[in-house]
Structure formats: C-alpha cells, structure tokens
Amino acid sequence: MREQTVFGEDVDELLDLMANHRSLDPHQPEPGIVTFTIDMPNGRRSLLRAIMRAEAELLLVDAAPPDDELLDRTHDQRAFDAWLLVMRE
C-alpha cells in the first residue's frame, strides 16, 4: 500500500502537527484581516515544506495564468491560498 502524502509530506505527521500544536498566535492588524503565527517544533518542518510546495504551484499559475487572465495576488494572499490548498488536501 502506498503512503498517503499531501504536497510530498506524510499525512499522519501533518495531522499530528495540526492536532497537537497549540501555539497559534492570531493577530488582527485591521478590520477584515487576520494573520497568525505558528511556531513549529525543531525538526518538524513538514507543514512548512508542504505550504512552500503549494505556494510554488500557485506561483507557476500566477506566472502563466490560464486564458491570459491577470492574477494580481499579493505575497500574503498567495501564502494564505497555499495554506488553504494544504488544508483541503
């Protein structure tokens, strides 16, 4: 049986990180915008790697959008979209 992965990272490790990591620091810099910081334990960077791979895929789409559609995503928007891609997988 093949091991399940999300953007190249082991699903079980990602689920463990998200379920057992409690240092989430939300911040609202302005109305309608919320940012947060998560400190990952040393050696447990699989979530970060998965998000970076998802963001790389989004960069490729932004560089050559389908149907010549202009995609004007900021870095922060792309980073959040990458987070959503990882969570949906």
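What follows is a short chat about a predicted model of one protein chain.

Q: What kind of model is this?
A: It is a predicted model.

Q: OK, how many helices and strands are in the chain?
A: The chain has 3 helices and 4 strands.

Q: And in what order do the elements run from the N terminus?
A: They run β-β-α-β-β-α-α.

Q: How much of the chain counts as buried?
A: Of its 89 residues, 22% count as buried.

Q: What share of the contacts comes from residues 24 or more positions apart?
A: Such residues make up 51% of the contacts, counting those with a separation of 6 or more.

Q: Let's go helix by helix. Which residues are buried in helix 1?
A: Val 11, Leu 14 and Leu 17 are buried there. They cover an arc of only 130° around the axis, so they sit on the same side of helix 1.

Q: Why would spacing like that put residues on one side?
A: An α-helix has 3.6 residues a turn, so residues three or four places apart point the same way.

Q: Which exposed residues are on the face turned away from the buried side of helix 1?
A: That face carries Asp 12, Leu 15 and Asn 20, which are exposed.

Q: What do the buried residues of helix 1 pack against?
A: They pack against strand 1, strand 2 and helix 2.

Q: On to helix 2. How many residues does helix 2 have, and how far does it reach?
A: Helix 2 has 18 residues. From its first C-alpha to its last it reaches 26 Å, close to the 26 Å expected at 1.5 Å a residue.

Q: Which of its residues are buried?
A: The buried residues of helix 2 are Ser 46, Leu 47, Ala 50, Ile 51, Ala 54, Glu 55, Leu 58 and Asp 62.

Q: And what do those pack against?
A: The buried residues of helix 2 pack against strand 1, strand 2, helix 1 and helix 3.

Q: How about helix 3, where is it and how far does it reach?
A: Helix 3 covers residues 75-88, which is 14 residues. It reaches 20 Å from first C-alpha to last, close to the 20 Å expected.

Q: Which residues of helix 3 are buried?
A: They are Arg 78, Ala 82, Trp 83 and Val 86. Their arc around the axis is only 145°, which puts them on the same side of helix 3.

Q: Which residues are exposed on the other side of helix 3?
A: Asp 76 and Arg 88 are exposed there.

Q: So what covers the buried residues of helix 3?
A: The cover includes strand 1, strand 4 and helix 2.

Q: Zoom in on Val 86. Buried or exposed?
A: Val 86 is buried, because its relative accessible area is 5%, under the 20% cut-off.

Q: Which residues is Val 86 in contact with, leaving aside neighbours within four places in sequence?
A: Val 86 is in contact with Val 6, Phe 7, Leu 47, Ala 50, Ile 51 and Ala 54.

Q: Where is Phe 7?
A: Phe 7 is in the loop between strand 1 and strand 2. At 16% relative accessibility, Phe 7 counts as buried.

Q: What is the phi of Phe 7?
A: Phe 7 has a positive phi of about 50°, although it is not a glycine.

Q: Next, strand 2. Is Glu 9 there buried or exposed?
A: Glu 9 is in strand 2. Glu 9 counts as buried, at 7% relative accessibility.

Q: What is Glu 9 in contact with, leaving aside neighbours within four places in sequence?
A: Its contacts are Gln 4, Leu 14, Ser 46, Arg 49, Ala 50 and Arg 53.

Q: And Asp 10, how does it count?
A: Asp 10 is also found in strand 2. With 22% relative accessibility, Asp 10 counts as partly exposed.

Q: How far apart are Asp 10 and Ser 46?
A: They are 36 residues apart in sequence. In space they are 7.9 Å apart, C-alpha to C-alpha.

Definitions and conventions: Residues are numbered from 1 along each chain as its sequence is written. This is a predicted model: local features need pLDDT of at least 70, side-chain atom pairs count only at pLDDT 80 or more; totals for chains, interfaces and linings use all residues. Side-chain values use heavy atoms; hydrogens and water are left out. Helices (H or I, at least four residues) and strands (E, at least two) are DSSP runs, numbered from the N terminus. The expected span of a helix is 1.5 Å times one less than its number of residues. Buried means under 20% relative accessible area, exposed over 50%, partly exposed in between (1.4 Å probe, protein chains only). The arc is that of the directions from the helix axis to the C-beta atoms. Contact means heavy atoms within 4.5 Å.
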